[in-house]
Amino acid sequence: MKFNYKLHRLCGAAYGTPAATGANNILSSTTKGSNIIFTSDGNSILSPVGNRIQILDLLHHNCRTLPIEARSNIRRIALSPNDDRLLIVVDVNHYGMLINYHRGVILHRFKFKRPVREMKFSPNGSKFAVSYGKFVQVWLTPGIRREFAPMVLHRKYTGLVGEVTTLDWSSDSSVLLAGGKDCQARVWTVDTVKDYEPWTLVGHKKPLVGVHFEDYNKTLAERDQFFGGSGNTGSSLAGKLVARCYTVSEDGVICTRECRKEDEEEKDGDNSQGDKMDGLGNSAVDFFSGGTAATSSAKQSTASSIDQAHDIVNGRWGTTSRHYFNANSSTQTVVSTSYSPEHSLLVVGFSTGLFGLYELPSMSNIHTLSLSHSTIGTVSINPSAEWLAFGCPKTQQLLVWEWRSETYILKQSGHAYGMRCLAYSPDGIVVATGGEDGTVKLWNSQSGFCYVTLPKSHTAAITSVQFANPTVVLSASLDGTVRAHDLHRYRNFKTYTSDIPCQFLSMAVDKSGEVVCAGSAEPFRVCVWSVQTGKLTDVLTGHSGPVSGLAFHPVRGSLVSVHIANFCVY
């Protein structure tokens, strides 16, 4: 007989995993965690949980799980922009999957031979870049149909000495920026451009955690609006502004970098032939390198018709400003960053659970808030820049914050050290879980979200939870107590203890909800209490080992207890 069971959703965690390690315990998700991303409409979040991916709909307040499973815990995910067609998943052992996001079908499996710490699609969706040790690889985006060899390597970029930790694309997908552990950033053109040489940006003392390009159109608009297209925009660097980027290091330093070109003198008729030959030469280089074909010389006379890769040729990069996030703290480090080029907003997550929202390039502090006591491993900002998402790997917290109204859109947290037991409510709507951290959480089985965490009353791991009725849940713990919780007021209203210290491993409640029993590890016995009075009414013996299971008969008033060797019926 074949049952048509399908995985609907994961409950118990919305982000991360408490023990995510790969080969040789490297690239652990507990150190920084996997990234979380918004969909192109900004209404849903993709959050890795172990080796699966949760999709949380923030508008309808529900979640579902993609029907795919990685080989090990997920390290990095990337979603194609605009249409959300392709999803790329890489786990801690460098195995990758190419997935049709809308259908939830795996199109191709492959493996990167080196650690992948960063992965990002280009804004136009035609390519995606991955960090490949000390290098950066750019791959052509495959189609959504299954192919024999869909992965085509476009180019590998070198020049950084340390391992690459962060990267970013320019808004027109023609320039690539990457930073690494060598405290440097490097600027490449995606396709070969005539007379361009890659630049290395220095000036940091700690490894880089974020590099971000400013939107190219905003850069040109600022230059043309305030300085007529030829001014220096108030900078100490000479020349015309053609590009701007930001680099952020672990010690809380953010540097603003600008690329400038010397103003070209008006050319007379004698140079028109040379200009035409240069345009033809650029067209030939673009054609044979696979890049965008150069436009005509008439179109090239306007800066808006030239992509950023050609505009930064013969330009000089320099540092125009340097700011500090945490100048007075030596223990607080920057862990994660996210930038919205359209709105010029930078979100920074710190190791102390603090986050900051800044407006660039002025570095105005818009908002600062402490979200957690653990490290904010990943941050993300939705396309409309209204919602900020934060992930804390250690506590498995996933938070979505609306900064304008200063309210939580979503606040989810799993058990800190794993889940130990669970029980359905009699009506099947609520699921109660007990964890190693001594807390009891209540989950809505329809939406998959945790809607309340009961006040912590146990001092050790919870081994069993049971519903006495739809409004009362009981929990047994290794601390030697059984506690009753009221689901109306969300408080512990009764505590049941044994006459001698012991650790409870199992628990059962009779059908009427008036009698509760708990089996202990040592001494090997079963304690029986009255739910209403809380008095210990009986102690059942006869076992020669820890009592690992208890169950009441659904009709008769008999009780069955079991341990590793035998079972007893009372």
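**Exercises on a predicted model**

The protein has four helices and 43 strands; both are DSSP runs, helices being H or I of at least four residues and strands E of at least two, numbered from the N terminus. The model is predicted: local features need pLDDT of at least 70, side-chain atom pairs count only at pLDDT 80 or more, and totals for chains, interfaces and linings use all residues. Residues are numbered from 1 along each chain as its sequence is written, and side-chain values use heavy atoms, leaving out hydrogens and water.

**Exercise 1. Burial and surface**

Solution. Start with the cut-offs: buried is under 20% relative accessible area, exposed is over 50%, and partly exposed is in between (1.4 Å probe, protein chains only). Next, the surface.

**Exercise 2. Aromatic pairs**

Count the aromatic pairs, and classify Phe-325 with Phe-350 and Tyr-496 with Trp-529.

Solution. Apply the rule: rings of Phe, Tyr and Trp (its six-membered ring) pair if their centres lie within 6.5 Å; planes under 30 degrees apart are stacked, over 60 edge-to-face, the rest tilted. The count is eleven aromatic pairs. Take Phe-325 and Phe-350. Their ring centres are 6.1 Å apart and their planes stand at 75 degrees, so the pair is edge-to-face. Phe-325 sits in the loop between β20 (316-324) and β21 (334-340), and Phe-350 in strand β22 (residues 345-350), 25 residues apart. Both are buried.

Then take Tyr-496 and Trp-529. The centres are 6.0 Å apart with 45 degrees between the planes, and the pair is tilted. Tyr-496 belongs to strand β36 (residues 491-497) and Trp-529 to strand β39 (residues 526-530), so the pair ties together parts 33 residues apart in sequence. Tyr-496 and Trp-529 are both buried.

**Exercise 3. Charges over rings**

Which rings lie under the charged ends of Lys-156 and Lys-411?

Solution. The test asks for NZ of Lys or CZ of Arg within 6 Å of the ring centre and within 35 degrees of the ring normal. Lys-156 sits over Phe-135, its charged end 4.7 Å from the ring centre. For Lys-411 the ring is that of Tyr-408, at 4.9 Å.
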